[in-house]
Amino acid sequence: MLIPFEWIGPTAAVGIFTVMFSLGLLLGREQFAAALERRVVMAAIVFAVVVPVPALAVLAVRVFSLQGVVAAGIVLVAISPGAPVALRRSIDAGGHRDFAPALHLAIVLLAVVTVPATMRILDWVFGKDFDAPPWNIGRQVFVAQLLPLALGASLRAWRPAIAARIERPLAKLGNLMIVLVAIMGIVDFPSIHAAVGWAPAIAGALMTVIALAVGAAFAGGDPEVRTAGAVAAAMRNPGIALVLATVNRMPPGVTAAIFAYALGMGIAMIAFMRWRKGRRPAGPEVQ
């Protein structure tokens, strides 16, 4: 392996923290107002994130007879919602600038409950005894997402002029670091492919496309939040998946499968972002 996973992890952590901090600089009371105004559609999208998408991943594993570390990696990522960069992707793709942050916060806060509950269901489906301590999941969500968001929002409330001045440069820096992580993953892909083959990457790309459609569908007849719903459903959280793999002492191949799924997801999201930029209308969704 040209670049050890131990190097990729810290780089990703710094990039994600920077991205989430820059997004925190955008947060204010208007996000809570948007959540209350669209609470029914928000509940529908959250349901899409935590039920249909993981269920489709489990069905795919069953239908295509995937087993071992490949199946474990695919399922672990699929049941892990709230990718840290999902909020930035949603806004960049034209997602509602008030609703998207409120939706993302709801998803990551509920992950402490929804992920352990999903693991209990997987115990029954696969006849295993998985462990998903809410403390471990909560710590990952807090450090990677809630803490930098809170720091950014606090700075905006305390010094709005400073927040407005540094938000865009920090967002660019965070995005560059995420691109660097993606390049590191691509450099390592031959080693990842040797460990788990093409299946996790293909599954990551296909599941992302399907999840985009599921999220958009559950947004219903509200075009202003359809993009936010699609991205929220599609962007899964490899960080939580890695926590679950570690807690359950899964073999190293599962980590490789998680990285491969994330690469496939990233490629599909890049295609979606380019498609959205090519047809984005002027109006409330890009306000």
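In which helix is Ser 90 found, and which residues does that helix span?

Author: Ser 90 is found in helix H6, which covers residues 86–92; helices here are DSSP runs of H or I with at least four residues, strands are runs of E with at least two, and both are numbered from the N terminus. The model is a predicted one, in which local features need pLDDT of at least 70 and side-chain atom pairs count only at pLDDT 80 or more, while totals for chains, interfaces and linings use all residues. Residues are numbered from 1 along each chain as its sequence is written, and side-chain values use heavy atoms, with hydrogens and water left out.

Ser 90 counts as buried because its relative accessibility is 4%, where buried means under 20% relative accessible area, exposed means over 50% and partly exposed lies in between, with a 1.4 Å probe and protein chains only. When its neighbours within four places in sequence are left aside, Ser 90 is in contact with Gly 95, Ala 100, Thr 227, Ala 228 and Val 231, contact meaning heavy atoms within 4.5 Å. Leu 76, by comparison, is 14 residues from Ser 90 in sequence, and their C-alpha atoms are 23 Å apart in space.

Just after H7, Gly 127 takes a positive phi of about 65 degrees.

As for the whole protein, its secondary structure comprises 14 helices and zero strands. Of its 287 residues, 52% count as buried, and among contacts between residues at least 6 apart in sequence, 85% join residues at least 24 apart. The radius of gyration is 18 Å, which agrees with the value near 19 Å that a compact globule of 287 residues would have; the radius is taken over C-alpha atoms, and the globule rule is 2.2 Å times the number of residues to the power 0.38. Taken along the principal axes, the C-alpha atoms fill a box of roughly 50 × 40 × 40 Å.
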